[in-house]
Amino acid sequence: MIIDDQYYDFIIIGTGAGGGTLAYKLAPTGKKILILERGDFMPLEEQNRSNVDIFKRERYHAPEIWYDTAEEPFFPQMNYAIGGNTKIYGAALLRLRERDFEKVQHQEGVSPEWCLKYSDFEPYYTEAEQLYKVHGQATSDPTEPFHSQDYPFEAIPQEPQIAEIYNAIAQQGLHPSYLPLGLTRQDDDPTNDSEVSGIVPALTHPNVTLKTNAKVVCLHTNPSGLAVKGVEAEIAGQSYLFMGEIVVVACGAVNSAALLLHSANDRHPQGLANSSGQVGRNLMKSLMTAVVQLSTKPNSGAFQRSIYLNDFYWGDPDFPYPMGHIQNSGGLLTDIIFAEAPPLLSVLAKFMPGFGLKQLATRSIGWWVQTEDLPDPNNRVRIDGNKLYIDYTPNNIEAHDRLVYRLTEVLKTIEKRLDSFQSGKIYPRGEVPIQVMANQCGTCRFGDDPATTVLNRNCRTHDVENLYVVDGSFFPSNASVSPALTIIANALRVGDHLIEQFG
């Protein structure tokens, strides 16, 4: 093993929404910072999805095998690169609603209360929206929480066909809204991400060092087990040991939990920071269904997501439980997660014979239906030797199915007013498979009780004094909106804490 001769104030593992944002926050302190990323910079041609075939299913999959509950292998849709999964997300950056931080009764169980509230996150949501250049409009959604400042940029204009749909939905007494998006507005890569807004500005500071293609495999503690003293990484086939004062894990909810479990030692036999037995448990990743409208008129197939609908977020008169969030998918030729849904376009081919894949995609409008899944300790990340298992059984299914039904009823109604759709004939749908790890969260939940949580309210592990986790792992519950903005906001919040304690 090669021992690095430097000693760092902060070692950050991972460059996604959490790690990349934290690096940005800490960089101006002058503290010596090491960032370790198992991937490399993503080629621009891969980032510009208008130039690639997203339906080549292996394109955005990690080159590793995970296993499901039945021990069936699969390649996860994970992006190991500078920026992590923010390089392949849809850039939808929504705040959790105030009530998402409270105890909420669902039909199939309870979404637990957070130890912090919306008011604790609100200043950091504002800071995150400024940093990630969010384009939006916070006036039309009745569930929109309080904003201390407006979005820094106006919402992007909608494609003509999408604008027609937006107006038709509004005429039904519903409240379609402009989807807040983090955008650079650059033609070659229009979505903002944690490389652009986190890592690149952090690297302008001479005290920040980035090592790519560095896969962290183990965290080593001192003899008492109370502090991490060494971070072991594999680089170009060699083992390296890096030492630092504070270690921050930000590998994503699945891989952060796996790293802690892999780092078991005599003082932490169940895995590092796992005296509660909760590391890896309560994995959540949202219930997501793709729904397709058939169009009689072509579109570009490459436009941004732009509409969302939250009228059924907390239920309706016929179902007094939360249902969730609806948004359009954007152009089907560029929506990465859509390409992972069961082959909806092959279903469409039966109704539109003679059309190629691109033709089908440009004669369709996609929608995402997204419902909160509830924390379940049996939904978990676990390891067995070198194998990583995802034990996951979806829950809260009826609420999700009702939301899909609500969407299709809305579409049937508005299509009577529009002349560019195959009115009400069929709405192919497909649930995303287990390999889609979008919205992963919950595997190292935070809270005040060390017996039932892994992290304290500052996202420091209860068991290890200098170890923090700042990705989606900390969520005690999921929500029906994407966790990305909350992960970014939390990284900024934890950054303030670290600066106050160690800056």
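This is a short tour of a predicted model, stop by stop.

**Confidence colouring**

Start by colouring the protein by pLDDT. The mean is 92, and 93% of the residues reach 70 or more.

**Serine 473**

From β22, move on to serine 473, which is placed in the loop between β22 and α10 (484–502). Is serine 473 buried or exposed? Its relative accessibility is 0%, so serine 473 counts as buried. Show side chains here: that of serine 473 makes a polar contact with the side chain of aspartate 471, at 2.5 Å. Leaving aside neighbours within four places in sequence, the residues in contact with serine 473 are Gly252, Ala253, Ser256, Gly442, Thr443, Cys444 and Arg445.

**Helix α5**

Next select residues 194–202, helix α5. At its start, a side-chain oxygen of aspartate 193 comes to within 2.9 Å of the backbone nitrogen of glutamate 195. Which residues of α5 are buried? They are Ser194, Glu195, Ser197, Gly198, Ile199 and Ala202. An α-helix has 3.6 residues a turn, so residues three or four places apart point the same way.

**A three-stranded sheet**

Now display the open sheet with the strand order β8-β7-β10, in which the pairing is mixed. The edges are β8 (153–154) and β10 (181–182); each has a single partner strand, so one side of each lacks a neighbour in the sheet. Strand β7, residues 134–136, runs antiparallel to β10 and is joined to β10 by two bridges. To find one of the bridge pairs, select valine 134, whose partner in β10 is glycine 182.

Most residues other than glycine have a negative phi. The last two stops have positive values.

Select glutamate 71, in the loop between β3 (66–68) and β4 (73–74). Its phi is near 65 degrees. Glutamate 71 counts as partly exposed because its relative accessibility is 47%, a value between the cut-offs of 20% and 50%.

Finish at asparagine 282, in the loop between α6 (253–262) and β15 (287–294). Its phi is positive too, at about 60 degrees. Asparagine 282 has a relative accessible area of 4%, so this residue is buried.

Definitions and conventions. Residues numbered from 1 in each chain as written. Predicted model: local features only at pLDDT ≥ 70, side-chain atom pairs only at ≥ 80, totals over all residues. Heavy atoms only, no water. Buried < 20%, exposed > 50% of the residue type's maximum accessible area, 1.4 Å probe, protein only. Helix = DSSP H or I, 4+ residues; strand = E, 2+ residues; numbered from the N terminus. Polar contact = N/O pair within 3.5 Å; in protein donor to acceptor, adjacent residues only side chain to side chain. pLDDT = per-residue confidence, 0-100. Contact = heavy atoms within 4.5 Å. Pairing = 2+ DSSP bridges.
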